[in-house]
Amino acid sequence: MTIVWVEDHDPLPDPAHAPVPASGLAAAGRDLSPTRLREAYRKGLFPWYSPGEPVLWWSPDPRMVLRCEDFHLGRSLAKRVRQFDRAAADGSDPGLCVTLNQAFPEVIARCARRGAPRIGLGAARAGLAWREAGAAQGRDGTWITPDIMAVYTAWHRMGHAHSVETWIGGRLAGGLYGVGLGQCFFGESMFSLAADASKIALAYLVRHLRTRGTPWIDCQQETPHLASLGARPLARPAFLAMLAAGRDAPAPAWGRGRLRADGRLEAPPAGLPAPPMPQ
């Protein structure tokens, strides 16, 4: 299979106008910078590669997409989300909350080493210790390299990559990160140290995106887990059409703070500890 090689000054191929192999691998190169990331996401590409490989740019077909209106809350997940909603409404448990952009470096670092056994929400609220994750298995164990963490963290500081954090007892219990572009959101990875902590973060993200007028989340690759949450495969041409319609659409500025049950943003609870920066 011939792979398109792009030098640092070359543009990435545009899947809307150039053929992409059935594998979805559109190009390879060495440049991994915020500027290159912005170009890639605007074209529906994302990086995914193993240590020691060049940067590989992908455009899978079909593409897994979660429409916010289709997000599915199962019975047990809905019950857990309501616990967070009550804490947000009455302030009875300030250590039980979901925040936006409060701990991006820690979230992406934990996504890279996710895989630890999870403990129950009640045990986490009681202050019982959860095990720190070891090396991740599968996709996340290969592609969230130190270079990936560095460039997405830099892009976060520029206001384009974002994290959602689930806190239990004032400790970071789970979360996710992704990329916002116009009225599009591209999910990248999730982690949980307590049961359903990443799904709770996703539920709050969906609510927040709806307040912003963002109708869908790109989930990249098809998995049964994503399908159980309401995501569905979408043919590449349809995905690229949605991307073209939303990437330049005006959108509110992203902020940081606590996410309310109605999706709006407010100041984080006083005393919420800032997690340490990853080494």
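**Entry 1: α2 and α7**

I started with helix α2 (residues 75-90) and helix α7 (residues 197-212), whose axes come within 10 Å and cross at roughly 70 degrees. α2 and α7 are therefore roughly perpendicular to each other. I had to check the terms. Helices are DSSP runs of H or I with at least four residues, strands are runs of E with at least two, and both are numbered from the N terminus. Axes are lines fitted to C-alpha atoms, for helices over the stretch in contact, and the angles run from 0 to 180 degrees between N-to-C directions. Angles under 35 degrees count as roughly parallel, over 145 as roughly antiparallel, 65 to 115 as roughly perpendicular, and the rest as oblique.

α2 passes α7 in a right-handed crossing; that word applies if the near helix is turned clockwise from the far one by less than a right angle, and left-handed if anticlockwise. Which residues make the contact? From α2 I noted L77, R80, V81, F84 and D85, and from α7 K199, I200, A203, Y204 and R207. Contact here means heavy atoms within 4.5 Å. By class, this contact of α2 with α7 has six nonpolar, no polar and four charged residues. The classes work like this: Ala, Val, Leu, Ile, Met, Phe, Trp, Tyr, Cys and Pro are nonpolar, Asp, Glu, Lys and Arg are charged, and the others, Gly among them, are polar.

A reminder to myself: an α-helix has 3.6 residues a turn, so residues three or four places apart point the same way.

**Entry 2: what I am looking at**

This is a predicted model, where local features need pLDDT of at least 70 and side-chain atom pairs count only at pLDDT 80 or more, while totals for chains, interfaces and linings use all residues. Residues are numbered from 1 along each chain as its sequence is written, and side-chain values use heavy atoms, with hydrogens and water left out.

I counted nine helices and 13 strands in the chain. Of the 279 residues, 53% are buried. Buried means under 20% relative accessible area, exposed means over 50%, and partly exposed is in between (1.4 Å probe, protein chains only). I also looked at contacts between residues at least 6 apart in sequence, and 73% of them join residues at least 24 apart.

Next I looked at helix α1 (residues 34-42), where R36, L37, E39, A40, Y41 and R42 are buried. Just after α1, G44 takes a positive phi of about 80 degrees.

α1 packs against helix α6 (residues 146-157) at an angle of about 85 degrees, with the axes 9 Å apart. That makes α1 roughly perpendicular to α6. On the α1 side I found P34, L37, R38 and Y41, which meet V151, Y152, A154 and W155 in α6. The residues of this α1 and α6 contact divide into seven nonpolar, no polar and one charged.

How do α3 and α6 cross, and at what angle? Their axes come within 10 Å and cross at roughly 155 degrees. α3 and α6 are therefore roughly antiparallel to each other. F104, P105, I108, A109 and A112 in α3 meet I148, M149, Y152, T153 and H156 in α6. By class, the contact of α3 with α6 has eight nonpolar, two polar and no charged residues.

Where does the cis peptide bond sit? It joins D61 and P62, with omega about 10 degrees. P62 lies in the loop between β4 (55-58) and β5 (63-67).

I also looked for positive phi in residues other than glycine. N101 has a phi near 60 degrees; it sits in the loop between β6 (97-100) and α3 (104-112). N101 is buried, with a relative accessible area of 8%. D196 has a positive phi of about 65 degrees, and its place is in the loop between β9 (184-192) and α7. Is D196 buried or exposed? D196 is buried, at 14% relative accessible area.

P237 is in helix α9 (residues 236-246) and is exposed, with a relative accessible area of 59%. P237 and D61 are 176 residues apart in sequence and 8.7 Å apart in space, C-alpha to C-alpha.
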